[in-house]
Amino acid sequence: MLKFLIGLPVLGIVVFIHELGHFIAAKLCGVEVESFSIGWGPVLFRKKIGATEYRLSGIPIGGYCGMKGEQAFKEAYQQKLAAVPQEEGGLFSVHPFKRILIAFAGPFANLLLAAAALAVVSALGHTYYTTDNRIMPVYCFEQTDTSPARDAGLQAGDRILQISGEHTPTFSDIQRIVSLHPDEELTLLVERNSEQLSIPIRPLLNKKTGAGQIGIYRYVPLEIAAVRKDSAADIGGIQTGDRITGIDSTPLDNQMALMYFLRDYTQKTALVQLIRNGEAIELPVHIIRTENGGVDLGLSWNYLTVTEEGTGVVRSLQKGLSGTGELLGVTLKSLSLLFKGLSMTDAVAGPVRISSMIGSFATDGFSENVKAGIVNIAEIVAVICVSLFLMNLLPIPVLDGGLIFTACIECILRRQIPPRVLYYTQFIGIAFIATLFVFALWADILYIIK
């Protein structure tokens, strides 16, 4: 609930910026804005300034921008007129090109917000934790695994140096590239026993996340970075700087091997083999199982710390624009996954789930420091803004893209589309939005239950 309450205002700002784009464009194009609300639902406060009534409404999710012309359109439909009557300041009375600008301004405002958010990320710089490019194939632990890694013959401890010519010095780089290329042929440059191999591989599409996956874990050496006070490892005498080499004489050299070994371990006390200051020692450690059946020894491992320094104003703006362009490409590709079997309940999220995601990113970041919290929020806001930009430009009635589409037709025909035609086509848009709403609501319900 806390994460939802943290994320909701951020989501509200994203939608508010969208409506503000429409508002500014309408004013510049000579269209009268009759109402502009921050939030939806019951009006808590209202004040009229000029021709516009400014409102503060009860549900803090976005807002709306009501323009002059809606009543004229309704009357034209009821009276079966061939066109909406002309009225000064009306949306349907201005040139179709101006209507295109007004409709496009909302999504474009979201795109600008995405660029600004990514510019902030670049300006602040950020730190993240990862591992090097060594891997552990899943099939080494799961006999039934049929992942691309097994088919490609990847082995424990392989280093993936490049993927299709792009360097991958860290596991995060490997994840990023693989996730963006589901069901596409990739070429891995792999280092194995001082020999370099070129290996073709085709990532599978994960139908729950929409990401590509090849069936690998990160390779994390068992070098202990920290021991939690009063944990099983602490009580057993394990110290920071020790390196685990095995348990009960079974050799172990990485985190996943240790996890799988302990998953099926039935003894109450394990004899842990360690290297401490160059000497081999053994320590008995009492096994403590968690509520979900796992084993918590109280150990933390050494990870790589990658720090990207903050940039100046010009460079930050450049990074914001280029990052937004990259996000556009990725999001367009993600939309195509809806036609490859991706579940709608996994692809579509409602306000509860989105707000919780934002809140989760925020709390995880702020738990580290203020800068990390701001960076996390900015990154997720950029992703949401780019998604809104593309979704709103779909040529579907009711959406901004629908208004742009009909305005383009009017530009070509050089006459207004009959109100009755527009009215009935809007049912298509309403059906589409209603369908998305149902899926989003169901996705939120499943998210809350989980």
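This is a predicted model: local features need pLDDT of at least 70, side-chain atom pairs count only at pLDDT 80 or more; totals for chains, interfaces and linings use all residues.
Q: Which residues other than glycine have a positive phi here?

A: Ser194 has a phi near 65°, and Ser249 has a phi near 70°. Both values are positive in a residue other than glycine.

Q: Where do Ser194 and Ser249 lie?

A: Ser194 sits in the loop between β7 (186-192) and β8 (195-201). Ser249 is found in the loop between β13 (243-247) and β14 (250-251).

Q: Is Ser194 buried or exposed, and is Ser249 buried or exposed?

A: The cut-off for exposed is over 50% relative accessible area. Ser194 counts as exposed because its relative accessible area is 76%. Ser249, at 62%, is exposed as well.

Q: Is Val31 buried or exposed?

A: Buried means under 20% relative accessible area. Val31 has 3% relative accessibility, so Val31 counts as buried. Val31 lies in the loop between α1 (2-28) and β1 (33-49).

Q: What is Val31 in contact with, leaving aside its neighbours within four places in sequence?

A: The contacts of Val31 beyond those neighbours are Ala26, Met67, Gly89, Gly90, Leu91, Val94 and Ile102. Take Leu91 as an example: Val31 and Leu91 are 60 residues apart along the chain, and their C-alpha atoms are separated by 5.7 Å.

Q: How should I read a salt bridge, and how many does the structure hold?

A: Side chains of opposite charge can pair when their charged atoms come close. The structure holds 14 salt bridges. Three of them are taken up below, starting with Arg99 and Glu410.

Q: Which parts of the chain does the pair of Arg99 and Glu410 link?

A: The side chains of Arg99 and Glu410 meet in a salt bridge with an N to O distance of 3.1 Å. This pair links distant parts of the chain, with Arg99 in helix α3 (residues 96-124) and Glu410 in helix α12 (residues 400-413), 311 residues apart. Arg99 counts as buried because its relative accessibility is 2%. Glu410, at 4%, is also buried.

Q: Which residue forms a salt bridge with Glu166?

A: The partner is Arg176, and the closest N and O atoms of the two are 3.0 Å apart. Here the pair links Glu166 in strand β6 (residues 166-167) to Arg176 in helix α5 (residues 171-179), 10 residues apart. Glu166 is partly exposed, with a relative accessible area of 36%. Arg176 counts as partly exposed too, at 37% relative accessibility.

Q: Which residues form the nonpolar patch on the surface?

A: A nonpolar patch takes in residues with over 30% relative accessible area and no salt bridge. In this model the patch is formed by Ile38, Leu44, Phe45 and Leu56, which together have about 410 Å² of accessible area.

Q: Which element gives the largest share of the nonpolar patch?

A: Strand β1 does, with three residues. Phe45, one of the patch residues, lies in strand β1.

How values were computed:
Residues are numbered from 1 along each chain as its sequence is written. Side-chain values use heavy atoms; hydrogens and water are left out. Helices (H or I, at least four residues) and strands (E, at least two) are DSSP runs, numbered from the N terminus. Buried means under 20% relative accessible area, exposed over 50%, partly exposed in between (1.4 Å probe, protein chains only). Contact means heavy atoms within 4.5 Å. A salt bridge is a side-chain nitrogen of Lys or Arg within 4 Å of a carboxyl oxygen of Asp or Glu. Patches are made of residues with over 30% relative accessible area and no salt bridge: like charges are joined within 9 Å, nonpolar side chains (Val, Leu, Ile, Met, Phe, Trp, Tyr) within 5 Å. Accessible areas come from the Shrake-Rupley method with a 1.4 Å probe; for residues, only the protein chains shown count as cover.
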